[in-house]
Amino acid sequence: MIATMETLSKLQKSDIRLIGKFVEVYCAGKHGGIEKQPFLLPENLGQRRICAECAMFMAYAVARRLKCPLEAEKPSCKHCRIHCYAKPQLAQVKEIMEYSGKKLMLQGRLDYVWHYFF
């Protein structure tokens, strides 16, 4: 779990919940046979049941989101002029977003269409 000293903004909370959902869907689909543990999101945003590998990525993603230098004018990550993720994690998040976005849309989660395309 990531501890924060300050209160998260509404956008940070939304982004952390979203990446948590995407990682959980990805983990369930790609790592189905691996034991899952609860991963607690910061500031009582809930928990996600994911494997150890996905928990490591999730901890990285949350930490990077909390340290975003563009908070005041934050675009979506794929439209950002600077990328906070290292190359291996950037490739991993792209795979996670592509897999989970398609899966959630096929399940009728049309609210994710906006994030997937924009």
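A disulfide is counted here when two cysteine sulfur atoms lie within 2.5 Å of each other. By that rule, the count is zero. This is a predicted model, so local features need pLDDT of at least 70 and side-chain atom pairs count only at pLDDT 80 or more, while totals for chains, interfaces and linings use all residues. Residues are numbered from 1 along each chain as its sequence is written, and side-chain values use heavy atoms, with hydrogens and water left out.

**Stop 1: the cysteines**

Is Cys 27 buried or exposed? It is buried, at 0% relative accessibility. Buried means under 20% relative accessible area, exposed means over 50%, and partly exposed is in between, with a 1.4 Å probe and protein chains only.

Cys 84 is partly exposed, at 24% relative accessibility.

**Stop 2: helix α2**

Helices (H or I, at least four residues) and strands (E, at least two) are DSSP runs, numbered from the N terminus. Select residues 52–66, which form helix α2. It has 15 residues. From first C-alpha to last it reaches 21 Å, close to the 21 Å expected. The expected span is 1.5 Å times one less than the number of residues.

Colour Cys 54, Ala 55, Phe 57, Met 58, Ala 61, Val 62 and Arg 65: these are buried. Look down the axis of α2: its buried residues fall within an arc of 160°, so they line one face of the helix. The arc is taken from the directions from the helix axis to the C-beta atoms. An α-helix has 3.6 residues a turn, so residues three or four places apart point the same way.

Turn to the other side of α2. Ala 52 and Met 56 are exposed there. What covers the buried residues of α2? The cover includes α1 (10–30), β1 (37–40), β2 (47–50) and α3 (87–106).

**Stop 3: helix α3**

Select α3 next. Its 20 residues should span 28 Å at 1.5 Å a residue, and its end C-alpha atoms are 29 Å apart, which agrees. Val 93, Ile 96, Met 97, Ser 100, Gly 101, Leu 104 and Met 105 are buried in α3. They cover an arc of only 135° around the axis, which puts them on the same side of α3. On the other side of α3, Lys 87, Pro 88, Lys 94 and Leu 106 are exposed.

**Stop 4: salt bridges**

A salt bridge is a side-chain nitrogen of Lys or Arg within 4 Å of a carboxyl oxygen of Asp or Glu. How many salt bridges does a search of the whole structure find? It finds four.

Stay on α3 and show the side chains of Lys 102 and Glu 98. They meet in a salt bridge, at 3.2 Å from N to O. Both residues lie in helix α3, four residues apart, about one turn of the helix. Lys 102 is partly exposed at 42%, and Glu 98 is partly exposed at 43%.

Move to Asp 15 and Arg 65. Their closest N and O atoms are 2.7 Å apart, in a salt bridge. Asp 15 is in helix α1 and Arg 65 in helix α2, 50 residues apart, so the pair links distant parts of the chain. Asp 15 is partly exposed at 21% relative accessibility, whereas Arg 65 is buried at 7%.

Then select Arg 48 and Glu 24. Their side chains form a salt bridge, 3.1 Å from N to O. Arg 48 lies in strand β2 and Glu 24 in helix α1, so the pair ties together parts that are 24 residues apart in sequence. Arg 48 is buried at 18%, and Glu 24 is buried at 19%.

**Stop 5**

Select Arg 49, in strand β2. Arg 49 is partly exposed, at 43% relative accessibility. Beyond its neighbours within four places in sequence, Arg 49 is in contact (heavy atoms within 4.5 Å) with Glu 24, Lys 36, Gln 37 and Pro 38.

Finish at His 31, in the loop between α1 and β1. His 31 is buried, at 11%. Leaving out residues up to four places away in sequence, His 31 touches Tyr 26, Lys 36, Cys 51, Glu 53 and Cys 54.
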